[in-house]
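Take a look at the chain below. This short report walks through its strands and the links between its side chains.

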Amino acid sequence: QVQLVESGGGLVQPGGSLRLSCEGSGFTFSSFRMSWYRQAPGKQREWVASIITSAGGSSPVAGSVKGRFTISRDNAKNTVYLMMNSLKSEDTAVYYCGATHPDRVGVLPDYWGQGTQVTVSS
């Protein structure tokens, strides 16, 4: 069974940092493009960052988090990370990881995690 499990969310002060993790199982992790999305209450889910199958490869991030967030992956651990620095209140949301088959381009992930809450508040 395919499973993606996020962790690392919590409460952090504005300007603080947090690292999210997402461990995948039940599929060939190293062959899938991994992404992070987030959704605030009453808002649509938005794309945050993606990374191709190999570490050190293409890893674009959304303009709203550029310069603050970094996505990375460790295929040996079947894990993708989202390092979040200089957090702002508007970063508050449930963060989801997703896995996309490399043959599929420009579409939503095939698999989703359950989400982890990130709250930025003083």
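What follows covers a sheet, a disulfide and a set of salt bridges.

**The sheet**

This is a predicted model. Four of its strands form an open sheet, in the order S1-S3-S7-S6. The pairing is antiparallel. Strand S1 (3–7) and strand S6 stand at the edges. Each has a single partner strand, so one side of each is left without a neighbour in the sheet. From one strand to the next, the twist averages 15°.

Five bridges join S1 to S3, and the two run antiparallel. Here Leu 4 stands opposite Gly 24 in S3.

Next comes the pairing of S3 with S7. Strand S3 spans residues 18–25, and six bridges join it to S7. These strands run antiparallel. Glu 23 stands opposite Thr 79 in S7.

Thr 79 in S7 is the bridge partner of Asp 74. The hairpin of S6 and S7 has four residues between the strands. In this hairpin, Asn 78 takes a positive phi near 50°.

How covered is strand S7? Strand S7 (residues 79–84) is mostly covered, with five of its six residues buried. As a general point, side chains in a regular strand alternate between the two faces of the sheet.

**The disulfide**

The structure holds one disulfide. Cys 22 and Cys 97 form this bond, with their sulfur atoms 1.8 Å apart. The angle about the S-S bond is 40°, and the link is right-handed. Which parts does the pair tie together? Cys 22 lies in strand S3 and Cys 97 lies in strand S8 (residues 93–100), so the link ties together parts that are 75 residues apart in sequence.

Are these cysteines buried or exposed? Cys 22 is buried, at a relative accessible area of 0%. Cys 97 also counts as buried, at 0% relative accessibility.

**The salt bridges**

The structure holds four salt bridges.

| Pair | N to O distance |
|---|---|
| Arg 38 and Glu 46 | 2.7 Å |
| Arg 68 and Asp 91 | 2.7 Å |
| Asp 110 and Arg 104 | 2.5 Å |

Take the pair of Arg 68 and Asp 91, which form a salt bridge. The pair links distant parts of the chain, 23 residues apart. Arg 68 sits in the loop between strand S5 (46–51) and S6. Asp 91 sits in the loop between S7 and S8. Arg 68 counts as buried, at 9% relative accessibility. Asp 91 is buried too, with a relative accessible area of 0%.

Arg 38 has 5% relative accessibility and counts as buried. Glu 46 counts as partly exposed, at 34% relative accessibility.

For the pair of Asp 110 and Arg 104, the values are as follows. Asp 110 is partly exposed, with a relative accessible area of 30%. Arg 104 is partly exposed as well, with a relative accessible area of 32%.

Which residues are linked in a network of salt bridges? The network holds Arg 38, Glu 46, Arg 68 and Asp 91.

Methods. Residues numbered from 1 in each chain as written. Predicted model: local features only at pLDDT ≥ 70, side-chain atom pairs only at ≥ 80, totals over all residues. Heavy atoms only, no water. Buried < 20%, exposed > 50% of the residue type's maximum accessible area, 1.4 Å probe, protein only. Pairing = 2+ DSSP bridges. Disulfide = S-S within 2.5 Å. Axes fitted to C-alpha atoms, helices over the stretch in contact; angles between N-to-C directions. Salt bridge = Lys/Arg side-chain N within 4 Å of Asp/Glu carboxyl O.
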